[in-house]
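Here are some exercises to work through with the structure open beside you. Try each task yourself before you read its solution.

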Amino acid sequence: GKPERLTTGSDFEFEPSFSPNGQEIVYVTWNDDETGTISKISLKDKKITKLNRNKGIFRGPGYSPDGRSIVYWKEDGNDHQGSAYSMDPGIYTIPASGGSQTLVTKEGHSPSFTPDGKRIWFHSGEGDGYAFKSCDLAGNEKQTHFTSSYSGVFSPSPDGKFVAFIELYK
């Protein structure tokens, strides 16, 4: 079919992710004056809700399996967006309805919930390579599931039984 734009804003919009029921999409935005947001849009009425209260550079939001929480990564800055409002980087959760964020762990990036919603998977540097890790929702009980010298991008299957990865750009 023909693509249809869902939003009408002028901010840059990135990294969308569907809610478990398929009725909403969570995504991040950026504009140089207001910095970033974590926002969601209802596919039914196109209503957009800004979820976060703080400023920063936010990445990779995703819903918990029950749809009640969103996990995301707050970046520590980069060459394109700068480093203003980039204090306290790490992996956070926020209620899907919006509100206060909760720091899960200062370690890692690219978070996602495990299929049962009881843990958070994330990517992290380890030694001279990369690791795929998880922790409980409070940031405790960290586990390293595997490491790689050349793979920095890991994508678990929806059931958590398999993982796809990129190794040396392949």
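**Exercise 1. Work out the strand order of the open sheet that contains S1, and find which strands stand at its edges.**

Step 1. This open sheet has four strands in the order S1-S2-S3-S4, and the pairing is antiparallel. Strands here are DSSP runs (E, at least two residues), numbered from the N terminus, and two strands pair if DSSP finds at least two bridges between them.

Step 2. S1 and strand S4 (48–50) are the edge strands: each has a single partner strand, so one side of each is left without a neighbour in the sheet.

Step 3. On average, neighbouring strands of this sheet are turned by 30° against each other, direction ignored. For such angles, axes are lines fitted to C-alpha atoms, and the angles run from 0 to 180 degrees between N-to-C directions.

A word on the source: this is a predicted model, in which local features need pLDDT of at least 70 and side-chain atom pairs count only at pLDDT 80 or more, while totals for chains, interfaces and linings use all residues. Residues are numbered from 1 along each chain as its sequence is written, and side-chain values use heavy atoms, with hydrogens and water left out.

**Exercise 2. Describe how S2 is joined to S1 and to S3.**

Step 1. S2 and strand S3 (residues 35–42) pair in the antiparallel sense over eight bridges. In S3, Gly 36 is the bridge partner of Trp 30, and Ser 39 is the bridge partner of Tyr 27. The hairpin of S2 and S3 has three residues between the strands.

Step 2. Seven of the eight residues of S2 are buried, so this strand is largely enclosed by the rest of the structure. Buried means under 20% relative accessible area, with exposed over 50% and partly exposed in between (1.4 Å probe, protein chains only).

**Exercise 3. Locate Thr 114 and decide: is it buried or exposed?**

Step 1. Look in the loop between strand S9 (109–113) and strand S10 (119–126): Thr 114 lies there.

Step 2. Thr 114 has a relative accessible area of 8%, so it is buried.

Step 3. Not counting residues up to four places away in sequence, Thr 114 touches Pro 65, Arg 119, Ile 120 and Trp 121. Contact means heavy atoms within 4.5 Å.
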